[in-house]
Amino acid sequence: MVKLDINSFFNVVLLTSVLTLLGIFVYGFTGWNIIISLTTWTGLTPTYEIKGLQSYLTALSNPVFLKSFSNNIILLGFFISGSILIGLLLAIALDQMERGAGPLRTFFVLPFTISYVVAGTLWAWMYTPGEGVIDSILGALGLGFLDIGWIANPRLSIYCIILTMIWQFSGYTMIILLAGIKSVPFSQIAAARVDGATSFSLYRHIVIPQIKQPLFIAFAVLFAFGVKTFALIWTLTAGGPGVSSYILSLHMYRTSFASFQFAEGAAIATIMLMLVLVVIVPYLYIMREK
Amino acid sequence: MKPSRLAMSLIVIVLMIFSFLPIWSAITTSLKTASEIRRTSPLIPSSLYFANFGGAWAKLGRPMQNSLIFTIFATLFSTVLGSMLGYLLTKVKFRWANHVFIFILFGMYLPYQSILIPLVQLMSRLGLYNTLLGMILTHTIYGIPICTLFFRNFYGFIPDSLIYASKIDGAGTWRTYLEIILPLSVIPFVVTGMYQFTRIWNDYLFGVVLTFGERTMPATVALVNLKGSFVADYGLQMAGGLLITLPTLLLYIFLGKYLIRGYVRGAIR
């Protein structure tokens, strides 16, 4: 390593300008958002009269908030576990392949490179009741009675969203886990094979215990995505039918930019931030150690 | 074939269908007339009717140009800055380097909703609301964390001895960067640039709160508007979705293996 020449004008300008910009756009804005959440700002003109936690109470007492929050928890639970399960299956399957793993990796990551807006558009057609893709396949198979309404069914809409998110993210999760599997020393795998371990017990007892860190990375990344996801839901169900598939990001957007209740919107955003911090702070702390 | 192998192959095939089905049915649907869409199975292509693409292009053409402009500039700026910061954080010794890295990295996980209202306020105050410049600035700044992370992880693989050698030859910090590091950075620039291009091109949230109207709106916002105003016209919607996906898809088909290789080598963590 070379020592940083702190007298170098360029180094100082580069570091201070980048840190200042991030300081404003990440940390300053976060702080400013918290201040807005403590004001009485409703309507288009800002009013910076501090009113304490009033907007949090307003937010929490709104049934739409409670629906959004519980949907968000459901979404996080099923989205993270589903993506990790499929990602792990794919990673193990591709790890065992002697040929063709490269193109398949590329193939499975493809949905991740598609815009959430496009994903929502494609899946809205998949889920269209009656003539959509899923129902016409079911119809062709003589399973037309399985048409259960999909995104038009308020009890199912949030699960339709979760399935679409798993579609987008399981390939990406596969790559994170595959990187971990590839870093398990080959000598251990060879030794286990000599001892007669089956593929299942090899992965169960040798590989999976050693990819705890990639699993944790996948968990943290998917958690952050699960909290901030917006465009996909906005295009797929727009939160509907009714508010059945609302999550916090949608509720925050509607509250702020459609109803202009900026203090309440800022309060919802702050609650979302807290949710992310619960996972990301320990994550960054652990990552810093290595 | 062993039963476990067979089960694995079956799972992979089912997941391949699951992955590709939405894309496939979008392709077939986009090439059908409205009445064909109602009459025929979405799985089976029945004609080559290109008018949907013409219709989608009429609505998305200009927004796609907007997207292209701000995406290229923001990708360029954030990638170059990420490279310089990644270099400073791995090859140049200074106190607090780890803290600076964590300070930068946090922005990657930030739920953007929690900065959205202040962002719109500042952009309006600066006169950058509803401008491509505002989009470039926003995407550049929020792209710095992930770019820095990518380059930091890549530069971790470059041996320090190369830096010493250059130092002994009397090169300063940035001459070393230009002469030693940059020539070794082709792959990380491809990987990071591709990731950023895709991410910025695909973004909807910043676009929808920072722009309005055809002259500045990104293609993603235009697609949502199209979807909202032609509710049951699935042929048009699918054509629009595919049209928007085309630039990133081409990039991915030609350079995707570098991106995947970068991922597998640990670019994300």
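Some ground rules. The model is predicted, with local features needing pLDDT of at least 70 and side-chain atom pairs counting only at pLDDT 80 or more, while totals for chains, interfaces and linings use all residues. Residues are numbered from 1 along each chain as its sequence is written, and chains are lettered from A and ligands numbered from 1 in the order in which they are written.

Chain B on its own, then. Its secondary structure comes to 12 helices and one strand; helices (H or I, at least four residues) and strands (E, at least two) are DSSP runs, numbered from the N terminus. From the N terminus on, the order is α-α-α-β-α-α-α-α-α-α-α-α-α. The C-alpha atoms fill a box of roughly 75 × 65 × 30 Å along the principal axes. Of the 269 residues of chain B, 51% count as buried. Buried here means that 20 or more other C-beta atoms lie within 10 Å of the residue's own, with C-beta atoms placed from the backbone; exposed means 12 or fewer, and partly exposed is in between.

A word on contacts: two residues are in contact if their C-beta atoms, placed from the backbone, lie within 7 Å. Among the contacts in chain B between residues at least 6 apart in sequence, 73% join residues at least 24 apart.

Next, the domains. Chain B is divided into domain 1 (1-49) and domain 2 (54-264), with bounds from an automatic or database domain assignment. Taken over C-alpha atoms, the centres of the two domains are separated by 32 Å. Seven residues of domain 1 of chain B are in contact with seven residues of domain 2. On the domain 1 side, the elements giving two or more residues are α1 (3-30) and α2 (34-39) of chain B, and α1(B) supplies the largest share, four residues. That side divides into four nonpolar, two polar and one charged. For these classes, Ala, Val, Leu, Ile, Met, Phe, Trp, Tyr, Cys and Pro count as nonpolar, Asp, Glu, Lys and Arg as charged, and the others, Gly among them, as polar.

Now the two chains together. How many residues does each chain give to the contact? Chain B gives 76 and chain A gives 79. On the chain B side, α1(B) has the largest share, with 14 residues. The residues of that side are 49 nonpolar, 19 polar and eight charged.

Two helix pairs show the detail. In the first, the axes of helix α3 (residues 63-96) of chain A and α1(B) come within 10 Å and cross at roughly 120°. That makes α3(A) oblique to α1(B). From α3(A) come Ile86(A), Leu89(A), Leu90(A), Ala93(A) and Gln96(A), and from α1(B) come Met8(B), Ile11(B), Val12(B) and Leu15(B). The residues of this contact are eight nonpolar, one polar and no charged.

In the second pair, helix α5 (residues 116-127) of chain A packs with helix α11 (residues 219-229) of chain B at an angle of about 25°, with axes 9 Å apart. Axes are lines fitted to C-alpha atoms, for helices over the stretch in contact, and angles run from 0 to 180 degrees between N-to-C directions. α5(A) and α11(B) are therefore roughly parallel. Angles under 35 degrees count as roughly parallel, over 145 as roughly antiparallel, 65 to 115 as roughly perpendicular and the rest as oblique. Val117(A), Val118(A) and Thr121(A) meet Thr220(B), Leu223(B), Val224(B) and Lys227(B).
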